Every structure is written in C-alpha cells, then in structure tokens.
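Take a look at the model below. Then read on for a short tour of its chains.

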Amino acid sequence: MSTTGYDATGVTLKATAYGVVAFLVLANLVPFLFILSVSFMPPSEFFTDPHLVPYEPTLEAWTSGFEELRGNLVNSFLIGAGTALLALAITIPGAYAFARKEFYGKTAGFYAIISAMMFPYILLVIPIMDLWTALGVYNTIFGMILAYQVFVTPFSIWILRDFFENLPTDIEEAAQVYGCTQFTAFVRVILPLAAPGIVAVGFLAFLTGWNDFLFANLLTTGTGPVPAVPVLYGTIGGGSGERVYWGKLMAETLIIGTPPTIIYLVARNYLESAFSV
Amino acid sequence: MSTRRLFDIDGRTERYRSVLRENWFTYLLIMPVLLFLIVLMWLPFLQGIYMSFNEWPFGGDPTWIGAANYEFLLNWEPFYTSLKATAIFSLTTVFQLGVALAAALAVRELRRGKSFVSAAFLLSYTMPPLVIGTIWAYLLEPDFGPVFGYLTELNVLGETIYWGSSGPMSLAVVMFVTTWTFWPFMFLIISASLESIPEELYESARMYGAGPIQTFLRVTLPQLKSAILVALSIRIIWNMTKISQVLQLTNGGPGYDTSILAVLLYQFAYERGQMGVSYAIGIVLLVMTLGFVFVFIREFERASEGAGA
C-alpha cells in the first residue's frame, strides 16, 4: 500500500499498458462472438433487435453450410498441402546453399529472390491466366499449387536461410568424420536440426494456399476445382437488395476460418521464432 | 590492345569455368528456386509489359496499339478518382503501425498471459482476408448488423448510416476493416524486434535518469527502426494489392470512390476482359510501390547485419 505514491509514472504506465491490451483483446474477440451467435440463429431472428444469445439456437446454418462447402474444402486442403510440399522441395536446397555455401553471385541472387516478396502479385495474375491457359493447367489444382509458389518461395528462402545459418558451422564436417557423405550429413543432421523452420515454412505455405482469394478466384472457373474462399465472394450481392441468409454465410466464414486458426495455434511457437527479423 | 582483350576474355571464361566447376553442386541447389521465380514471375511480368501496349481481350489475339492504353487512362476521369483513393487508402498502413506499436509496447509490460494475448491478437490475421471482409460486411450491415443495431438502440445514433452510398464513408469502412485485419503482422515483427533489445540499454538509460518517454524515444525507437521500416514497406505494398476485402465490402463503389488501383486492375481484367488496360494500371501501381522495395532491401540488410553482430 505504501508504494502507491512511490512510483506514480510506473503505475500509470502499467495501467495504460493493461488498458491497451484489454481494449485490443476485446476488439479482436467480440466481433467473433457476434458471428458465432448469429451462426446459430434461425433466419427469423436476424431481423429482430440485436442480441448476443440466440433465442432459439439451431444447427441448421452449420449443417447446410458445411454441406455446401464440402467439395471446396477438399480442394482447399489439397491446394494448401500441395503448395507446402512443393515449396519445401524447391526451397530447402536453395536456402541451404544460401546459408552454408560461398559462391559467386550469392548476395545478388539472394536479394533477387527476397525482393520478389515486394512484387505486387496482382500484376502476375493476368499474364499467368494467359500462360496457364496455354500450358493447359488453367483451372486445375496443379496449376494453383504452381502459381502459389510465387508467393511462397521468397519468404520460405528467407526463413529457412536464417535457420540453416544459425546452425553450428562445422556440424557437417563432424558428421562426415563419422562416415556420412555430404548428402547423408544434410539429411540426417542438418534437416532434423532445422525442423522448426521447416515446419514454420510448411504451415505458412499451407496458409497461403488456403487463405488466398486472388489466384483462387481468377485461376478457376465454376466447373473446376474451386477452393472454399472464393465461394464467399459475391454472396452479399454488392447491395443488390437480394436477401442473404446471414446465418449460413457466417457459419461458412467460421468453417473456412477455423482450420487456419487451429494450424496457427498448433504452430505458433515455430512461427514466432521464424518472424524475428 | 586486341590481343590483350582476347587474353582477358580467355581469362574470364576460364575463371567462370573454374567457378562453375568448383561450385556446380551449389548452383544446382539454388537452380529450382531461380527457375521457378523466372518462369512464374519474370516471364509473366515481361509478357505483362508487352500486354500493356496491346489491345488484349481475354483468350483472344493481341493487337499492337502502342501507348494507347496509357493515354486512355490519363484521359479517363475515374483513373484520377482511383489514384486519390489509393493514396488515402495507403494510410491504413500508418494506422496498422500505430496499433501494432502500441500493442507490442503494452504486451511487453505484461507479467503473464502474454501467450493468450498474442494468440487473441493474431486471430484476425490467420483467417483468410475474404472471411474477415465477409464478417465485417455483416457486422456493419446498416439494417440488421449488430454494430448499427446497438448504436441506434442505445441512442448513440438517431438512425442507421447507409455508408455504402457515401464515398468517404465507404473508404473509411474499407480502411477500418483492412487495419483491423492486418495490424497483427506488424505486431509480430515489432514485438520480435522489441524482445531482442538488450536489457543493458534500458538499465543504462535508467541510470542516467531517463524517464519513460525519453527511454522510448532514445532507446526503444532507434532499436526498432529497421524492423519498423521492413514491416512498413512490406505492408504498404501488400495493403495496396490485397483486394478481396474491398471487393466484398464495396465492390469499388459507390462509383469509383473505393476503387483503389488494384481493384481497377481486377475489374478491367475480370469484368471487362481488357487485359491490356488492366496491365497498364498494374504498371502504374508498380511504379508507385517501387521506392519501397529499395527501403526494404536496405533496412533488411541493416537488420540482418545487426543480428549477426
């Protein structure tokens, strides 16, 4: 008690900090509470006075929403998983080389790759639509997986390079002394040690494939493997006055939004260490 | 003179050859990434530049028309509306920085619950942006969305606001939703950098009698500078090119008031099928973002040097 007057600025600072945190946590969670609530409401309830707890909760929105999205969710999953696997296959060797080898053109090559992160991807969509049609991968899952590599490879190289770089320098040589070849040393020593980075990159790549709207919408048509996200687009009707079944729509947003969130919660320790610039 | 040059070329090819011979395995390792980026990025990009000088209907044959696409844009009134909207919209990056900085500094003060708090913060960023856009389209729906529902019921507002019919208000809504969605990205980068500031710096600041504000300005902010600039330059480009939320919330309207350049590009490609004009818009967008790329690379370099030292 006697310390209250002792460090007034410190106390104010703490109070402000807790206030900011509380406000932001509420600002992030309360909207989702409302969405959760409306997804259990029958259609008649949306148009009454606003209330948080549904009067007559129903699962109807969830079941019909899930029914509608099932095929698309499978597509999203395949695209996400494929994006992650292909990204790891092409970036692990590259990142390893940038981290552990000295060679002519190293810095320039690294920045040529990293700066691709800053490229406004929307500029690529149009030529890629054209190119993919010519190559026959337009409107296929493989075409989507391929296209997402543009987003994914730059940050994969960046994250993985840092992981490989931070491993002890003479570890491969030590392994070679014990009879490993350069390749087995890489597979049995380096790869397991870099596992956190590899997991982080895999998850981020999966999220990219799952969350994207732009390529998903432009590289598929209604007859093809449409992933889940573009299904939401246009449902509101851009103010056309058409009646929207908000309950179902909100259930669908949660159905699509939950897998990335779960993945994030599972992988967050890896991801946070990957983000330390 | 000529023999010397010949000799030089010989020497140089010899050097290249030996570099290749010694490092062929390394070059093989980076080949896949380079190949992918060339095929997926640089080739389409070059084709796109060529496209912007053509009349290019989707799936059809191009006709060379020189700079006519650019001339069309410069003489087209909505293009300027779009430029203005883009400039205003890009301020969302500054708001994101403000929220992220406040959040990172506040979380640092927490004794416990850090993990729960940052998980809660990240929720909006992990979900697909279009999902978040759809959620806010409901929450902010004027007739039966909860936000205006409560505001009118509690008599804060006399009646609901049909923001969709007002340009400035639509832009404000779009900026609000974008800020709400993406600030956690900056939070991640800034708090990671905040954690790495050595405690000694704070101790010596305290020893010299610096107050909290001085400590922030003289110690924290300079140490965060690189992280902030990296985050800012990435986000400013990504914000300008993410269109799903704008499309879902306002579809670029009313009129062209929220049609930022990226939305305009999308509309020309997808709704009108004029790929040439669309790409010309893309080039304008690229030029606007180019400066930030250099800031990014410089600061990235600086940040990694700092980490290595």
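The report covers the ground rules, then chain B, then chain A.

## Ground rules

This is a predicted model, in which local features need pLDDT of at least 70, side-chain atom pairs count only at pLDDT 80 or more, and totals for chains, interfaces and linings use all residues. Residues are numbered from 1 along each chain as its sequence is written, chains are lettered from A and ligands numbered from 1 in the order in which they are written, and side-chain values use heavy atoms, with hydrogens and water left out.

## Chain B: overall form

Chain B holds 13 helices and 2 strands. Both are DSSP runs, numbered from the N terminus: helices are H or I with at least four residues, strands are E with at least two.

The radius of gyration of chain B is 25 Å, while a compact globule of 309 residues would have one near 19 Å. That radius is taken over C-alpha atoms, and the globule rule is 2.2 Å times the number of residues to the power 0.38. The C-alpha trace of chain B spans about 90 × 65 × 30 Å along its principal axes.

## Chain B: inside and surface

Of the 309 residues in chain B, 50% are buried. Buried means under 20% relative accessible area, exposed over 50%, and partly exposed in between (1.4 Å probe, protein chains only). Take the contacts in chain B between residues at least 6 apart in sequence: 64% of them join residues at least 24 apart. A contact means heavy atoms within 4.5 Å.

Chain B has 19 positive and 22 negative side chains. The centres of the two sets lie 12 Å apart. Lys and Arg count as positive, Asp and Glu as negative; His and the chain ends are not counted. Each charge is placed at NZ of Lys, CZ of Arg, CG of Asp or CD of Glu.

## Chain B: annotated spans

An unreviewed UniProt entry gives chain B "transmembrane region" annotations, including residues 24-45 and 119-139. Such annotations may be inferred rather than shown by experiment. Residues 24-45 of chain B are 100% helix, with end C-alpha atoms 29 Å apart. Residues 119-139 of chain B are 90% helix, and their ends lie 22 Å apart.

For chain A, the unreviewed UniProt entry places "transmembrane region" at residues 185-207 and 213-233, among others. Residues 185-207 of chain A are 96% helix, with end C-alpha atoms 31 Å apart. Residues 213-233 of chain A are 43% helix, with end C-alpha atoms 9 Å apart.

A:T83 sits in helix α2 (residues 60-100) of chain A. Is A:T83 buried or exposed? A:T83 counts as buried because its relative accessible area is 0%. Beyond residues up to four places away in sequence, A:T83 touches A:I145, A:Y148, A:Q149, A:V152, A:A205 and A:G209.
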